[in-house]
Amino acid sequence: MGIDELNAIKARLGVKTDKELADFLGIKVESVNHFRYRDIPKKYIKEVEMTENKIGELQEAKEKLGLKTDKELADFLGVKKESINMYRVRGIPNKLKLLIEKGITKDIYTKTMDTSEPHKIPIHYYKNVTASAGYGISVLESTPQKLELSQALLSGVKIQSYKHLDLISVAGDSMLPYFENGDKVLIERECVAKNGDTIIANIEGNLYIKRLEKDPFNKWIKLISANREYATITLEGQEMEKINIIGVVRAKFSVKTY
């Protein structure tokens, strides 16, 4: 293989000595010495390539979380620095993947762990935008107000990402008893709507809150009201192009005055 090639592999893996490389590959130091004079076995080359992918995954995770060093990541997760080295071999753990999927950065995580000051999640509140629980309401142009909700308040809500949350109002009674006129609904945008989800949909400028049923193979979408007095909206074939699913309803807030 040659000394240059061996050093290149060490650099790719982030190790410096023959012993570190031997420990990584699970072989004796003497075997590493032999690699200077003969080709490294293919199984080790494959292991190096797989590890490179995991190292790249780890580096990408640190960048997304706003971290630079292994020590910062270890402190962030509350683990020993040695555990971070294992991620290069085994891949990053599910806990770390979940934090990335949720859009939790170092700042957010630190504030969340500080019980003296619960972290606030930014929400776009469209005061003049209303989704119809009836026959459709024209979408009004609106500049959102910026609100903040406690992450503790949203902890029981099935939200995939805290990055794209909107709050709008409901008008009408077609979604009774689940949604009443005047309720505020929390919408998660940038997520995939599934059958059975309650969604906010825009159809030719009208905004609706309905339960979604769809069949992409037979090419139809149905928007179903909870109140049976209201007919189901059915879009078939090319009509499906008329609909734009804004997001999935994750929570509602009812405001009662006395």
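Me: Before we start, what does "buried" mean here?

Reply: Buried means that a residue has under 20% relative accessible area, while exposed means over 50% and partly exposed is in between. In this predicted model, Arg189 is buried, and so is Asp166.

Me: Thanks! What makes Arg189 and Asp166 a salt bridge?

Reply: The cut-off is a side-chain nitrogen of Lys or Arg within 4 Å of a carboxyl oxygen of Asp or Glu. The side chains of Arg189 and Asp166 meet at 2.6 Å, N to O, so the pair counts as a salt bridge. Arg189 sits in the loop between strands E5 and E6, and Asp166 in strand E4, so this pair links distant parts of the chain, 23 residues apart.

Me: Why can such side chains pair at all?

Reply: Side chains of opposite charge can pair when their charged atoms come close.

Me: How many salt bridges does the structure hold?

Reply: There are five. One of them joins Glu188 and Arg250, at 2.8 Å from N to O. Glu188 belongs to strand E5 and Arg250 to strand E10, so their pairing ties together parts that are 62 residues apart in sequence. Both of these residues, Glu188 and Arg250, are buried.

Notes: Residues numbered from 1 in each chain as written. Predicted model: local features only at pLDDT ≥ 70, side-chain atom pairs only at ≥ 80, totals over all residues. Heavy atoms only, no water. Helix = DSSP H or I, 4+ residues; strand = E, 2+ residues; numbered from the N terminus. Buried < 20%, exposed > 50% of the residue type's maximum accessible area, 1.4 Å probe, protein only.
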